[in-house]
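Here's a walk through a two-part question: how is this thing put together, and what can a few of its residues tell us? Keep the structure open as you read.

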Amino acid sequence: MGSYLYRLYRGFQGEILAVPGRVIALIFVTLLFLLPHIIPHPLVLKIFSLAALFAIFAASWDFLSGFTGQLNLGHALFFGVSAYSAALLNVHLGVPPWATIPIGAIAGVIAGLLVGIPALRLRGFYLALVTLAFPIILIGVIFVFPDITGGELGLFGVDRLSGSRVLDYYIILLVATASILVMWKLTDGRSKIVRTGVILHAIREDEITARASGINTVRYKLMVFSISGFFAGVAGGLYAHYIRIAGPSILELFFSFQPIIWTIFGGIVTIYGAVAGVFILYPLVELVRLHPVGEIYRIVLMVLILIVVLLFMPQGITRWVRDHIEEICPRCKLINIRTRRYCRACRAPLRAEK
Amino acid sequence: MVEAILINGLVLGGMYAVLAVGFALVFGVAKILNMAHTAFYMVGAYLILIMSIMLGFPSLPSIVLAIAIMGITGRVIYKLFLDRVKEHPVAVMIISVGVAILFQEVLLIGFGGHFRGIDPFIHGFVEIGGIRAAYQQVIAIVTSLLALVAIRLLLSKTQVGNAIRAVAEDREIANVMGIDVSRICVITMGISAVLAAVAGAVVAPVFMVHPLMWLHPLTIVLAAVVLGGLGSIKGSILGAFILGFAETAVIFLVPMGAFLRGAVGLSVMVVVLLLRPEGLFGVVFEEERL
């Protein structure tokens, strides 16, 4: 028993404590779980609940567009379809939240498959612009049937997720952590167990070569679209039950751009970059909003930060930070802290001696 | 009804065509998806509003001035923001979205969110072959057609036009032939912003001006460019007119059609692309086919 615990501790030390990026992530997640005890303010709780939920949304965009290269400019479709189906079921049929959110996620999968079919024929910017069209088409449909969908005002009176704000926060945070870990594992190119990561990288880099190597790209693309739709759908369902309204604003062009803005800001093709982008930009903008002057200038502020960061770190903020604190061993590909001169495992010099 | 659809379709289609040509030019030459393109159009319209109504300039000089300012703004924005990160196409796109939102917010703060009208330059109606059209609509149609002809002449007859087409065709070869590619990109961006401002000037008196007016044309312009085939100027003009007429027809013929005006145009695009993935006039490269 003792030796087992010791092995576990050594594994933890080698896999997490020795990698600065993972230490930061661990501290961050721990702080998030302790947040209701550190700052028990309802507004802070609300901002971070929504941030956790948008983190799933942004990560699902990164999973689809970053890793597989299927540039999706209409990601709000998955979110919106799920939010609306959850809200419709809940308001009109009285289905409770624990059932509507999975059903919403399945609606997201179906939407993902529907968008995935054109993606089999189209690529690059053509695909990007076709995906952009879908949520806007859906808005038109929603406006035409205001009796069922609530029209421009949206569908309100959706049930709460649970009784209390703190419980809501923990539910969303747990779902978000689980979803992001699953997406991170699915896209991990070095994983020995799940091979999808490598295949997705291959499809993005060179689809024809991937096909020639015997990868069924059609199947993988559809799979990516449905998984991405699923997680965006989970976020959408939670959102509908958290803010208790499903309105057409979640299908607008700006809402589709938001996950892209967060992900590019944080760093594309990383999953954690998307999460970091949301947790930096979203609370910042919402906190600035509390001040009357900030209320007016918050979007200007967000856009200026975005533009400045992208001009100096076009790969995103997490990539930039990671490149400055971590070094990959040239021999054994293990991640080391930047302050080391020799690899912690194989003792190879990390940088060429001057 | 038919004549109303015809006139409004021509006005709308002409405006979309002018916008789509500018967008397609920048995409073809600089390989940038410039999401701020219709924001230039909005700012152009606002500049005219500021100069003609608030400062009391006569309309023609204020239009010319607005177009000139937008031409410079387009070049400055390209130099300042887009040129530096051009190795990262998605970052460029997001920065252009950011620029567009920045314009929108500045206008919201400066002018508030309400709709504003600009007086028509000439009041009154004209009858052509039994069709009644406001002078302003006739001016809009004629100006957009003139702008399209002008850009056509510029691209085919002048040396700059030849250089632009050469860069769009093949950057490396154009570079080897002694064309300053980055200068051509800046010039193209300027031309594109000028076209956007022309579209803004044309429609400002016909439609209302408000800080969210860039969103709807953006989707339609993107759809028109894809419908015609990315990089094909002829195709994007045709796509713009198809979508303009589709939109007008839906507004006039279908009950609650105004809600569906975006949806119908975009559905047309999706259907066409499913049948012809390279658009109406797009070029198919062998390696790009599945």
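**A guided tour**

Let's start inside chain B, with B:Arg75, which sits in helix α3 (residues 59-82) of that chain. One thing to bear in mind from here on: this is a predicted model.

Taking the contacts in chain B with a separation of 6 or more, 73% are between residues 24 or more positions apart. And 53% of the 290 residues of chain B count as buried.

Chain B has 11 helices and two strands, and reading from the N terminus, the order of elements is α-α-α-α-β-β-α-α-α-α-α-α-α. Its C-alpha trace spans about 55 × 45 × 35 Å along the principal axes. Chain B has a radius of gyration of 19 Å, which agrees with the value near 19 Å that a compact globule of 290 residues would have.

Next, pick out helix α6 (residues 159-169) of chain B. Its buried residues are B:Ala163, B:Ile164, B:Val167 and B:Ala168. Look down the axis of α6(B) and you'll see these buried residues fall within an arc of 135°, so they line one face of the helix. The spacing makes sense: an α-helix has 3.6 residues a turn, so residues three or four places apart point the same way. What do the buried residues of α6(B) pack against? Their partners are α1, α5 (135-157), α7 (171-176) and α8 (181-203) of chain B. Over on the other side of α6(B), B:Gln159 and B:Glu169 are exposed.

Helix α1 (residues 2-30) of chain B crosses helix α10 (residues 233-253) of chain B at roughly 145°, with the axes coming within 7 Å. The crossing of α1(B) and α10(B) is right-handed. Sorted by class, their contact has 16 nonpolar, seven polar and one charged residues.

What about the other chain? Here, 35 residues of chain B are in contact with 31 residues of chain A. On the chain B side, α4 (89-111), α9 (215-228) and α11 (257-275) each supply at least two residues. That side of chain B has 27 nonpolar, five polar and three charged residues.

Crossing over to chain A, let's finish with some backbone angles. Most residues other than glycine have a negative phi. A:Ile271, though, has a positive phi near 65°. You'll find A:Ile271 in the loop between α12 (253-266) and α13 (272-288) of chain A, and it counts as buried because it has 27 C-beta neighbours inside 10 Å. A:Arg347 also has a positive phi, of about 65°, without being a glycine. A:Arg347 lies in the segment after β4 (335-337) of chain A. With 10 C-beta neighbours inside 10 Å, A:Arg347 counts as exposed.

Technical notes
Residues numbered from 1 in each chain as written. Chains lettered and ligands numbered in written order. Predicted model: local features only at pLDDT ≥ 70, side-chain atom pairs only at ≥ 80, totals over all residues. Axes fitted to C-alpha atoms, helices over the stretch in contact; angles between N-to-C directions. Helix = DSSP H or I, 4+ residues; strand = E, 2+ residues; numbered from the N terminus. Left-handed = near helix turned anticlockwise from the far one by under 90°. Nonpolar A, V, L, I, M, F, W, Y, C, P; charged D, E, K, R; others polar. Contact = placed C-beta atoms within 7 Å. Rg over C-alpha atoms; globule rule 2.2 N^0.38 Å. Buried ≥ 20, exposed ≤ 12 C-beta atoms within 10 Å, placed from the backbone. Arc of directions from axis to C-beta.
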